[in-house]
Amino acid sequence: MLSYRHAYHAGNFADTLKHLTIIAILRHLCKKSGPLHYVDTHAGAGRYDLQDAKALKTHEFNEGIGKLWGRQDLPPLLDDYLQVVARLNPSNNLHYYPGSPWFAAHCLRDQDKLALCELHPTDFPLLREVFRGDMRVRCFHEDGYQRSLALMPPPTKRGLVVIDPSYEVKTEYQTVVNHLQALHKRFATGVFALWYPVVDAGRLQQLEYSLRQTGIKRIQLFEFGLTGNHDLPGMGSAGMVVINPPWTLREQLESTMQWLINAAYPDSDAYWRYLEIAGE
Ligand SMILES: C[S@@+](CC[C@H](N)C(=O)[O-])C[C@H]1O[C@@H](n2cnc3c(N)ncnc32)[C@H](O)[C@@H]1O
């Protein structure tokens with residue numbers, strides 16, 4: 001089933017946390033000169049037009065990047081994030097929003113490689129076009145689960161795998177955990193980042209339980225919501241699960257997200273949650 005199009009949701013509050021997490025991890029990994037491999041199992045279209053009918057139908061970006069655009073007072077990680085978005089919008093009007101591969105490509109260096117998987121017949125050609133000419137990038141019109149597994153471990157044994165499915169089928173909550181376990185078996189020192197939506201509390205509890213049951217160590221969970229009331233319709237919050245996080249990640253995300261909530265979502269029900277799912 002491939003009815004999901006990220007163009008309706010690009011730049012929303014959930015993308016903010018997802019893309020901040022990717023930037024923070026890659027900036028940390030890039031402190032060492034050894035080449036990195038970035039794998040995006042669900043890459044999307046690579047770039048989104050916020051003036052397109054799909055984005056304008058939901059206006060979700062107003063609650064995400066729209067809260068930050070034009071601000072001059074941002075702490076370092078948010079400033080870094082905004083500068084990447086600004087490169088796509090040189091005229092200072094917020095017109096385009098980058099997808100996860102675009103954020104990654106802008107953090108990575110000449111010696112690094114990116115493998116981007118996207119199955120959708122409309123989004124795949126858009127993705128390929130965005131990265132045409134970038135010799136670091138390979139785009140795969142293939143199932144991201146299968147391709148990412150085939151790429152493990154990367155030759156330099158340094159890398160980040162981002163798993164960002166659309167959860168169109170309920171079984172995907174278990175599929176992602178099984179997949180993380182399979183990836184980790186092949187590449188135990190890799191960094192893995194999984195995005196998840198919170199649409200009901202039961203499914204989230206099940207996800208946390210299944211992750212604990214894997215026996216994988218060093219798993220952290222970061223969650224950002226516009227409301228903590230999970231009984232309301234729609235996606236009120238979303239999070240990132242990171243395996244083998246850089247030691248700086250928790251502190252960096254925590255201070256950034258607290259700042260963001262106070263500055264951009266005052267007098268709202270917005271919240272931030274950290275959970276250590278598994279320690280050392
Ligand atoms: C949430 S979107 C990705 C957004 C993107 N990661 C970003 O942050 O900009 C999920 C994407 O996964 C694609 N997709 C769904 N199942 C897939 C699969 N098995 N392998 C690769 N791509 C898939 C969908 O077509 C959709 O474009």
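Student: Angles under 35 degrees count as roughly parallel, over 145 as roughly antiparallel, 65 to 115 as roughly perpendicular and the rest as oblique. At what angle do α1 and α4 pack?

Tutor: This is a predicted model, in which local features need pLDDT of at least 70 and side-chain atom pairs count only at pLDDT 80 or more, while totals for chains, interfaces and linings use all residues. Residues are numbered from 1 along each chain as its sequence is written, and side-chain values use heavy atoms, with hydrogens and water left out. Helix α1 (residues 13-29) packs against α4 at an angle of about 25°, and their axes are 10 Å apart. The two helices, α1 and α4, are therefore roughly parallel to each other. Axes are lines fitted to C-alpha atoms, for helices over the stretch in contact, with angles from 0 to 180 degrees between N-to-C directions. Helices (H or I, at least four residues) and strands (E, at least two) are DSSP runs.

Student: Which residues make that contact between α1 and α4?

Tutor: From α1 come H19, I22, I23, L26 and R27, and from α4 come S100, F103, A104, H106 and C107 (contact means heavy atoms within 4.5 Å). By class, the contact of α1 with α4 has six nonpolar, three polar and one charged residues.

Student: What else packs on α4, and at what angle does it cross?

Tutor: Helix α3 (residues 76-87) and helix α4 (residues 100-107) cross at roughly 105°, and their axes come within 11 Å. The pair α3 and α4 is therefore roughly perpendicular. On the α3 side the contact uses Y81, V84, V85 and R87, and on the α4 side W102, F103 and H106. These residues of α3 and α4 divide into five nonpolar, one polar and one charged.

Student: And how do α7 and α8 pack?

Tutor: Helix α7 (residues 172-186) and helix α8 (residues 201-213) meet at about 15°, with 10 Å between their axes. That angle makes α7 roughly parallel to α8. In α7, Y173, Q174, V176, V177 and L180 meet R203, L207, S210 and L211 of α8. Six residues of the contact of α7 with α8 are nonpolar, two are polar and one is charged.

Student: Changing topic: how many residues surround the ligand?

Tutor: There are 20 residues around the ligand, and the closest are K18, S100, E118, D143 and D164 (a residue is near if one of its heavy atoms lies within 4 Å).

Student: How far is the side chain of D143 from a nitrogen atom of the ligand?

Tutor: An N or O atom in the side chain of D143 is 2.6 Å from a ligand nitrogen atom. For H19, a polar side-chain atom lies 2.9 Å from an oxygen atom of the ligand. L119 places a backbone N or O atom 3.3 Å from a nitrogen atom of the ligand.

Student: Which residues does the cis peptide bond join?

Tutor: The cis bond joins M152 and P153, with omega about -10°. P153 sits in the loop between α6 (144-150) and β6 (159-163).

Student: Where is N244, and what is its phi?

Tutor: N244 is in the loop between β9 (237-243) and α9 (249-264). Its phi is near 55°, a positive value in a residue other than glycine.

Key: Nonpolar A, V, L, I, M, F, W, Y, C, P; charged D, E, K, R; others polar. Polar contact = N/O pair within 3.5 Å; in protein donor to acceptor, adjacent residues only side chain to side chain.
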